[in-house]
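Here are my comments on the model, as numbered points. Please read them with the coordinates open.

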Amino acid sequence: MSQFVVKRAIIFSLILGALFGLLALLPMLIGLVIFIFGFFSSVIIILYMKRNEKHLSFLTNEQGAILGGIIGFFATVGFFVSFCPMVCIIHSIFKSYYSYAIPEMLSLGLWLFFVIVFMTAIIFAMTNSATAMGLTFILGQIEKKPDDYDAPLDIKIED
């Protein structure tokens, strides 16, 4: 797996995490969003990258697990980068909006906030790693292995 693929996966996962963070602002959707986000963000990103083999071609189970962990970690970071400032803004406008103690944590214990974000990112990286490994196993059974699937580049560049 090349650095090019990993960089694209990081960018896509940050964008997906930010979108999930904006969806989680609705109180009735936050549980569903965190469930889908916690388990299936790597599946969404990998299937998007494999669409038409534009960004990604064949993956082994090990590569899928590594890519799923990277996607899970950075999607969590993207989630918190978009969710926390928006919660603070909405809570300052509407005092009745539940703030999940984020404004107080940012003002009183910033170190605790970073620890919570980091540990949540580690947990979501592990769960997304497992689901991505399962996805690559299923796709490996469906897809035909190319002859040069262990080549150093995962994409084909045609001029």
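1. Aromatic pairs. This is a predicted model, and 15 aromatic pairs turn up in it. One of them joins Phe 37 and Phe 124. The geometry is edge-to-face, with 5.3 Å centre to centre and 85 degrees between the planes. Phe 37 sits in helix H2 and Phe 124 in helix H5, so the pair links distant parts of the chain, 87 residues apart. Phe 37 is buried, at 1% relative accessible area. Phe 124 is also buried, at 16%.

2. A second aromatic pair. Phe 73 and Phe 74 pair edge-to-face as well. Their centres are 5.3 Å apart, and the planes make an angle of 80 degrees. Phe 73 is partly exposed, with a relative accessible area of 22%. Phe 74 is partly exposed too, at 27%.

3. The aromatic cluster. Which residues form one aromatic cluster? They are Phe 20, Phe 37, Phe 79, Phe 80, Phe 83, Tyr 98, Tyr 100, Phe 113, Phe 114 and Phe 124. The cluster thus takes in Phe 37 and Phe 124, the edge-to-face pair of point 1.

4. The nonpolar core. The largest nonpolar core holds 33 residues. Ile 46, Met 49, Leu 56, Leu 67, Phe 79 and Phe 83 touch the most other members. Helices H1 (3-23), H2, H3 (61-93), H4 (102-108) and H5 each give two or more residues to this core. The largest share, eight residues, comes from H3. Phe 79 and Phe 83 also belong to the aromatic cluster.

5. Ile 46 in detail. What is Ile 46 in contact with, leaving aside its neighbours within four places in sequence? The partners are Leu 56, Leu 59, Gly 64, Leu 67, Ile 71, Ala 132 and Leu 135. Among these, Leu 56 and Leu 67 are listed with Ile 46 as core residues that touch the most other members.

6. Ser 42. This residue lies in helix H2. Is Ser 42 buried or exposed? Its relative accessibility is 0%, so Ser 42 counts as buried. Beyond its neighbours within four places in sequence, Ser 42 is in contact with Gly 68, Ile 71, Asn 128, Thr 131 and Ala 132.

7. The salt bridge. The count comes to one salt bridge. The side chains of Glu 143 and Lys 50 form it, at 3.5 Å from N to O. Glu 143 lies in the segment after helix H5 (110-142) and Lys 50 in helix H2 (residues 30-50), so the pair ties together parts that are 93 residues apart in sequence. Glu 143 is partly exposed, with a relative accessible area of 30%, whereas Lys 50 is buried, at 13%.

8. Cysteines. How many disulfides does the structure hold? The number is zero. For Cys 84, the nearest cysteine sulfur is that of Cys 88, 6.8 Å away. Cys 84 is buried, with a relative accessible area of 3%. Cys 88 is partly exposed, at 22%.

Key:
Residues are numbered from 1 along each chain as its sequence is written. This is a predicted model: local features need pLDDT of at least 70, side-chain atom pairs count only at pLDDT 80 or more; totals for chains, interfaces and linings use all residues. Side-chain values use heavy atoms; hydrogens and water are left out. A salt bridge is a side-chain nitrogen of Lys or Arg within 4 Å of a carboxyl oxygen of Asp or Glu. Helices (H or I, at least four residues) and strands (E, at least two) are DSSP runs, numbered from the N terminus. Buried means under 20% relative accessible area, exposed over 50%, partly exposed in between (1.4 Å probe, protein chains only). A nonpolar core is a set of buried Ala, Val, Leu, Ile, Met, Phe, Trp, Tyr and Cys residues joined through side-chain atoms within 4.5 Å. Contact means heavy atoms within 4.5 Å. A disulfide is a pair of cysteine sulfur atoms within 2.5 Å. Rings of Phe, Tyr and Trp (its six-membered ring) pair if their centres lie within 6.5 Å; planes under 30 degrees apart count as stacked, over 60 as edge-to-face and the rest as tilted.
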